[in-house]
Amino acid sequence: MTEKLIEVKDLKKDYVNDEVVTSVLHGVSFDIHEGEFVAIMGPSGSGKSTLMHILGFLDNLTYGQFFFKGRDVSNLDEDELARIRNEEVGFVFQAFHLLPKTSVYNNVKLPLLYDKAKDDDIKVRSAIKAVGLEHRINNFSNQLSGGEKQRVAIARALVNKPSIIFADEPTGNLDSKSGNAIMEILEGLNDMGHTIILVTHETDTAKHAKRIIKIVDGLIAEDYEVNDRRRAKDGNQLMK
Amino acid sequence: MTSLGIIIGIAAVIVIISAGAGAQSLIVNQFNAIGTNLIGILPGSSDEDGPPASAFGIILQTLKYEDAQAIAQSVPHVTAVSSYNTGMATASYQSAKTDATYYGVMPEYLDVEDTGVDKGRFFDNDEDRGSVKVAVLGWQVARDLFEGQEPVGKKVKIGKEFFEVIGVMRQRGVSGFQNNDEIILIPAQTAQKIMLGVRHVGFIRAKVDKKENLPQAVDDIRLLLRDRHNLLESKVDDFNIRNTADAIKTLTSITDVLKFFLAAIAGISLLVGGVGVMNIMLASVNERVREIGLRKAVGAKPNDIMVQFLAESITVTLTGGVVGIIIGSLISALVAIVARYLGYDWDLVVSPLSIFMGFGVAFVVGLIFGIYPARRAAKLNSIEALRWE
């Protein structure tokens, strides 16, 4: 039995803006185990991004419980959230979010600046190798194509050996060929044992995952295993 | 603009400390050159702490030649006294001319001023009493008029009168803020009766044997003069007595005021510079919102962000500080060179302290004016920051 990484019970999230309370998540519950590849799907405004932010320790829930590796992380302060983000989570964003005028090497190294561990160089090179960008290691971020940038982002997400990788619409800014290449990398990482949570509003993208959680209007509408899973490798062959 | 403010501010700090120290060492040196056992008596009353009225060019007539003689005779611990009358005239010999200040003094001038003649001799009491037209030339005056010829024994025209040169002073340089090589010395009575047509003296200097006896001597002189001037108990002194320690204090307080103004300039410049740095940093934070969001997302704590931006603002001010220190040091050096060229004994003081202070001030300015932008950056919400267009 694999480790239960995430356990969420009746999680609710309200935003308060000038005394106006907007309720975004109305009570969701689920578990995610180590090694899973989960897609959180839903239309705009469904609350899927909010859920990702909470699961990714970027924000706190308003009501309910959130356990991470058995520990109650429902209400942590800013410094604790930052530490967990640094150690346990890797993010891949739709807009890549690389540091401008900075080399691939230093971009991937960024999370390591905020921890106390050593061996930075080994970790950076290993992560860059995992995404196949050794030949671009000294190039600057603005010299890369969209697909390459996203690969750098994945390497950055990997560098601290996180427990979970969050990918928020990772192919949203890419053409279908580059997008497919990215999905192939994510699939490969999952095959190696990484836990991946993918957030998307596109069914085609979501079907690369093994499990889909559908969020509609702040509640879980469906939570099922994917039968007709898409594999990026097949996609590549189709395109040839 | 920002850097300019920081640079000017730091340069001003350096100049203040350096030039201030230089000026004050100059003052002390000037007075040490005169001798610290001197008492000056000036006509006209004034506050003890303020400059004497005669400093403002007002001519007062309450001191007499006989007062100086009386002080020499009656006041214990006084070893030498001279009266001083000052005038300006053109001195000429054959075709050479020079404008000079002449002093009518008593023979004890040499003891009072602790100096001597290089050639010839000084005048004596008989020549003084007889208002004889003899002159002792300052070293530079002798060179200007005689250019290598022997001055002693020649007749020099001072103003409208002819004087016989009986001696040339040693080279003395500047002391008491007077260039002593560019003066001519004539007997006191000659100055009063023949050159100026006055019955009073400009001021009197008395030398005291030991510093410890200065206060007593001052009191004795005051009593003596009050008596001679027939001042009743209720009346204020019609003279004022200064010793060099007082003079140092007065001039030092003037330079302190100058330092204060320089400090004000420095303060304002640094304020302007600091505000500029703050604005630059705020703009930088605004431009880098997404970067800040990203750093937080990968694990930067609010403190990490704050330290990052504070370091950047301090770097900006330290860079300006280095330039300011260099400029300030150059200015101080220039001031010292010019002052020395003019004959003043100015010590160049660019101390490690002033450089340290320059860096310290730059650092603090960067810290203070960088805190607000750094805190703004640290408090950004990473989710919103990442969405920033």
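1. Setting aside residues up to four places away in sequence, Phe163(B) touches Lys133(B), Val134(B), Ala135(B), Lys155(B), Val156(B), Ile158(B) and Ile186(B). These contacts are read from a predicted model, as is everything that follows.

2. Phe163(B) belongs to strand β7 of chain B. The residue counts as buried because Phe163(B) has 24 C-beta neighbours inside 10 Å, and the cut-off for that class is 20 or more.

3. Gly153(B) lies ten residues from Phe163(B) along the chain, and the C-alpha atoms of the two are 9.7 Å apart.

4. Strand β7 of chain B, residues 161-169, is also part of what covers the buried residues of helix α6(B).

5. Helix α6 itself spans residues 188-196 of chain B. Within this helix, Ala188(B), Thr190(B), Ala191(B), Gln192(B) and Met195(B) are buried. Just after the helix comes Gly197(B), whose phi is positive, at about 65°.

6. For chain B as a whole, twelve helices and twelve strands are assigned. The chain has 389 residues, of which 41% count as buried.

7. Contacts in chain B may also be viewed by sequence separation. Taking those between residues at least 6 apart in sequence, 81% join residues at least 24 apart.

Notes: Residues are numbered from 1 along each chain as its sequence is written. Chains are lettered from A and ligands numbered from 1 in the order in which they are written. This is a predicted model: local features need pLDDT of at least 70, side-chain atom pairs count only at pLDDT 80 or more; totals for chains, interfaces and linings use all residues. A residue is buried if 20 or more other C-beta atoms lie within 10 Å of its own, exposed if 12 or fewer, and partly exposed in between; C-beta atoms are placed from the backbone. Helices (H or I, at least four residues) and strands (E, at least two) are DSSP runs, numbered from the N terminus. Two residues are in contact if their C-beta atoms, placed from the backbone, lie within 7 Å.
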